[in-house]
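This report describes a structure chain by chain and contact by contact. The sequence and coordinates are shown first.

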Amino acid sequence: MNSKNKILASIRKQPVREISLPDSTGFGIRYEDPLGQFENMLEQVGGVALRVADQTQIAKTLESIEVYRSAKWVLSGVPGVQRDNSDAAPVDDPYALEQLDVAVLAGEFMVAENGAIWVSGEHVKHRVVYVIAEHLILVVDAQQIVHNLHEAYDRLSFEQVQYGLFISGPSKTADIAATLVTGAQGARSLHVLLVGPPPATPER
Amino acid sequence: MNHPRQAGQYVADQERAHWHDNVIWFMREKRDQAVKVIPEWEELRELGSQIKGHTLSRLDDYLERFESQAKRLGVQIHWALDAEEHNQIVAGILQAAGARKVVKSKSMLTEECHLNQFLQERNIQVTDTDLGERIVQLRQEAPSHIITPAIHIKHEEVAELFHEHFGTDLSASDPDQLVAVARDALRRTFIEADAAITGVNFAVAETGGFVVCTNEGNVDMGTGLPRLHIACMGIEKVIPRIKDLGVFLRLLARSATGQPITVYTSHFHGPAAGGELHLVIVDNGRSELLQKPKFNKSLNCIRCGACMNTCPVYRRSGGHSYGYTIPGPIGSVLGPSRNMKEFSSLPYASSLCGSCTAVCPVKIDLHHQLLEWRKEIVSAGVLPWTKRFAMKVASLVLRNTWLYCTSGRIFRMMLRRLPRVLVYHRLNLWGRQRDFPRIPDTSFREWYAQRNHEQQK
Amino acid sequence: MKRVGLFIPCYVDQLYPQVGVAVLELLKRFDVVAEFPAAQTCCGQPMANTGCDNEAQPLAEKFLQVFQDYDHVVCPSGSCVAMVRHHYDAYLSGRPGFDQLKAKTFEVCEYLTDVLKIETVHGKFPHRVGLHQSCHGLRELGLASSSEMVTQSFSKVQNLLQGLTGIELVELSRTDECCGFGGTFAVNEEAVSCMMGNDRIRDHLDAGAEVLTGVDMSCLMHLEGLIRRQKKNLRVMHVAEILIAGERAGR
């Protein structure tokens with residue numbers, strides 16, 4: 001008998017128990033102002049939220065960000081946003097991204113509860129770009145937001161998504177004497193551009 | 001492994017013991033702040049507990065489902081009966097790929113299997129990329145906490161370590177400076193790595209995908225560059241559906257560090273284009289634990305570390321006092337299942353205060369299981385005979401009212417009459433740091449009997 | 001008229017008789033005349049907690065027998081009551097009278113609050129008091145909400161004490177950390193036990209407490225032992241002692 005079958009046989013020796021799988025549908029905290037909650041949480045986890053009136057204002061908002069302005073190399077995955085010295089052609093070698101100062105990428109939606117943004121490997125050539133850039137700027141439609149993680153998973157489908165992740169703030173660690181330090185392995189900073197009008201407040 | 005002895009040594013350095021206690025208590029406080037903003041927290045715990053209970057009751061079905069879904073996505077699944085087999089499998093995959101430099105993110109399972117040592121012996125260099133793990137790796141120590149492995153080390157000591165290994169300035173001892181040094185050093189390692197090994201926080205049967213959570217981004221860095229990714233998981237990590245991630249991810253980071261979610265929550269569904277993704281499913285005693293109704297709930301564990309943060313004993317004695325891969329309350333429940341004799345002092349390293357049970361996000365009845373282990377240890381004859389004998393004598397005395405009263409009277413008389421030096425001596429463990437109370441002239445029952453006698457007159 | 005049996009833990013009987021006296025008088029003040037059945041000895045907790053079920057078994061049986069004819073059983077110890085209500089199942093499950101025993105055994109404060117419906121005790125006790133929340137009473141018997149849980153905050157013991165004029169309950173930095181007694185733990189892991197106790201005492205002194213109180217004399221015995229050895233200025237009193245002293249002073 002191979003190991004798999006031995007393990008399964010051993011598992012089947014356990015006493016029979018009837019424990020039903022609970023349903024968490026509709027469960028979870030909701031907010032009066034989810035976008036405001038998201039901004040609070042993002043700030044709490046060390047990120048910066050910036051509201052942008054519409055698509056035409058994105059470039060201007062980016063210029064207001066110090067790390068973007070001073071960056072030598074900016075890579076953008078957001079259409080229409082290119083800086084003069086950015087490499088317009090997609091980079092072939094992911095290892096070359098080691099030198100990347102700023103990555104401006106699209107986020108799909110936000111989670112109000114925890115300041116997280118969902119991004120996936122489907123929209124970038126090299127998925128390591130999410131962590132290898134010194135600084136990360138995510139651009140999200142301000143209306144693409146859910147209240148909590150339960151809703152987030154209701155929304156997500158993994159049929160075609162090999163790699164996807166929630167990013168909540170710049171990379172950090174509290175491994176040294178529980179002191180929180182930003183800039184561990186991933187981005188040293190995270191800016192999130194919230195583009196367009198905020199979601200309408202829920203009807204009472 | 002003798003916890004009282006190790007703990008005694010740790011406590012002897014009062015300055016360090018207090019420092020450690022405060023640092024870990026701080027993590028408990030952060031957890032409290034993070035959970036109190038979730039009014040439905042207690043219901044969430046109940047959901048987590050039930051989902052785990054259900055999954056474990058049908059673990060074979062869910063594991064098979066997970067395997068078939070994962071294979072559909074192109075993941076190569078391996079099954080390991082024990083630690084040795086796990087290590088052989090991982091080494092085999094690395095050797096077949098010609099991988100000599102490996103980066104590994106935090107995985108308590110690989111710690112449990114002593115994978116690093118196994119690979120080093122086969123000339124495969126493993127670098128732990130979780131900062132805490134890297135620090136203890138450099139110091140050639142075991143981790144002392146499952147979330148913050150180097151929490152027992154002061155920042156000045158990390159500065160000394162980095163000075164020794166990276167040639168940095170001794171005076172650069174601020175955590176910010178230290179993290180910056182580690183970032184550069186580890187970045188080199190990532191670039192040079194041939195393969196990445198990660199743990200698994202949750203494996204989803206419904207889709208064949210799995211999730212790994214980090215704050216540093218070392219999983220994404222490690223798996224984003226080299227083509228080969230090996231993920232290692234215990235059989236208990238599987239959960240039924242994608243939607244169940246909502247429950248567990250809300251419970252995990254809040255319980256572990258007081259964050260609403262970890263910075264990176266990475267979902268893997270199949271290998272990257274042109275890459276290889278292997279998953280090693282490990283038993284190593286877990287299926288046996290599943291057969292024990294009194295202890296199988298410990299398999300609910302999502303490795304958050306909240307129990308050790310709240311444990312007043314762990315905080316004051318440090319993770320190394322437990323001598324097991326996982327310290328604290330959950331370690332004291334899992335250790336004896338692995339080796340009852342070796343870890344027989346662990347279930348007794350607790351005042352049974354119950355705080356661990358109250359914080360456990362998946363409602364493991366930790367302090368009850370610790371008591372149950374004590375019963376097993378006594379039944380198996382593993383409890384030292386001196387303790388067993390003392391309990392037998394005490395039971396005999398207490399069974400008999402007259403014996404009890406007389407012994408009590410004699411005991412009180414001796415404490416009243418004997419000179420201090422005969423009462424407080426080396427054998428009197430109670431009296432080492434504590435005085436006995438002022439000895440009353442009469443016991444309560446004597447007073448009561450006398451009062452009744454007087455009232456009847 | 002309900003027959004109320006007084007269950008006095010063995011170490012209270014031998015070393016802290018004044019706590020037993022206080023409970024008796026406190027109950028009398030609320031028109032409950034409790035009896036002390038002299039046959040009682042010990043609930044068996046030290047044996048049970050060490051895992052020695054065979055040694056605890058006869059003590060559980062004796063306990064059931066001693067108290068079977070009472071309508072209520074009242075005890076000044078959270079841990080002993082938790083032993084009877086939560087841990088005696090292993091020894092007495094199915095025995096006649098056992099389910100009733102579990103339902104009728106109470107710790108003093110919960111007896112006052114839940115059975116006698118007395119929410120607070122009026123009197124005078126002008127002192128700064130630190131309430132040490134003994135673990136069994138707190139987490140096993142639910143005498144108060146514990147700091148780990150996200151629930152409505154409440155405390156039966158605090159409510160009882162609040163009626164005493166002049167009492168000031170000090171704010172501890174760790175509201176319900178264990179004192180380190182833990183039964184045989186106090187001897188088995190002596191170093192950690194005493195460090196825990198000393199930390200608890202320091203918390204009380206830093207908060208300005210003059211009196212340290214709680215519902216479990218075992219915790220208090222351990223803390224008082226440390227206080228006396230170090231000659232610290234902190235008086236240790238069981239909650240029942242404070243309530244009856246305060247009540248008397250208020251008359």
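The model is predicted.

**Contacts between chains**

Two pairs of chains are in contact, and chains A and B share the most contacts. Chain A and chain C do not touch, with 14 Å between their nearest C-alpha atoms. The table sets out the residues on each side of the two interfaces.

| Pair | Residues of chain B | Residues of the partner |
|---|---|---|
| B and A | 73 residues | 63 residues of chain A |
| B and C | 61 residues | 57 residues of chain C |

On chain B, 73 residues are in contact with chain A. Helix α10 of chain B, residues 175-192, gives the most to this side, with eight residues. Sorted by class, the side of chain B that touches chain A has 37 nonpolar, 24 polar and twelve charged residues.

Towards chain C, chain B presents 61 residues in contact. Here the element of chain B that gives the most is helix α19, residues 385-399, again with eight residues. The classes on the side of chain B that touches chain C are 33 nonpolar, 13 polar and 15 charged residues.

**Chain A**

The secondary structure of chain A consists of six helices and eleven strands. Along the principal axes, the C-alpha atoms of chain A fill a box of roughly 65 × 50 × 40 Å. Chain A has 204 residues, of which 47% are buried. Where contacts in chain A join residues at least 6 apart in sequence, 76% of them join residues at least 24 apart.

A:V48 lies in strand β1 of chain A, which covers residues 48-52. Is A:V48 buried, exposed or partly exposed? A:V48 counts as partly exposed because it has 16 C-beta neighbours inside 10 Å, whereas a buried residue needs 20 or more and an exposed one has 12 or fewer. The C-alpha atom of A:V48 is 8.6 Å from that of A:L193, although the two residues are 145 apart along the chain.

**A helix pair in chain B**

Helix α10(B), which gives the most to the side of chain B that touches chain A, also packs against another helix of chain B, α9 (residues 155-166). The axes of α9(B) and α10(B) are 10 Å apart and meet at an angle of about 30°. Their crossing is left-handed. From α9(B), the contact takes B:H155, B:V158, B:A159, B:F162 and B:F166, and from α10(B) it takes B:P175, B:L178, B:V181 and B:A185. The contact of α9(B) with α10(B) has eight nonpolar residues, one polar residue and no charged residues.

**Chain C: sheet and domains**

Chain C holds an open sheet of four strands in the order β8-β6-β9-β10, with parallel pairing. The edges of the sheet are β8 (168-169) and β10 (235-238) of chain C; each has a single partner strand, so one side of each is left without a neighbour in the sheet. C:V129 has C:L169 of β8(C) as its bridge partner. Helix α13 of chain C (residues 217-229) lies across β9 (211-214) and β10 of chain C, and runs at about 170° to β10(C).

Chain C is divided into domain 1, residues 4-115, and domain 2, residues 123-250. The centres of the two domains, taken over C-alpha atoms, are separated by 21 Å. Their contact takes 29 residues from domain 1 of chain C and 24 residues from domain 2 of chain C. On the domain 1 side, α1 (10-15), α2 (17-29), α3 (45-50), α5 (78-87) and α8 (108-115) of chain C each supply at least two residues. Of these, α2(C) gives the largest share, seven residues. The residues of domain 1 of chain C on this side divide into 16 nonpolar, nine polar and four charged.

Notes. Residues are numbered from 1 along each chain as its sequence is written. Chains are lettered from A and ligands numbered from 1 in the order in which they are written. This is a predicted model: local features need pLDDT of at least 70, side-chain atom pairs count only at pLDDT 80 or more; totals for chains, interfaces and linings use all residues. Two residues are in contact if their C-beta atoms, placed from the backbone, lie within 7 Å. Ala, Val, Leu, Ile, Met, Phe, Trp, Tyr, Cys and Pro count as nonpolar, Asp, Glu, Lys and Arg as charged, and the others, Gly among them, as polar. Two strands pair if DSSP finds at least two bridges between them. Axes are lines fitted to C-alpha atoms, for helices over the stretch in contact, and angles run from 0 to 180 degrees between N-to-C directions. A crossing is left-handed if the near helix is turned anticlockwise from the far one by less than a right angle, and right-handed if clockwise. Domain bounds come from an automatic or database domain assignment.
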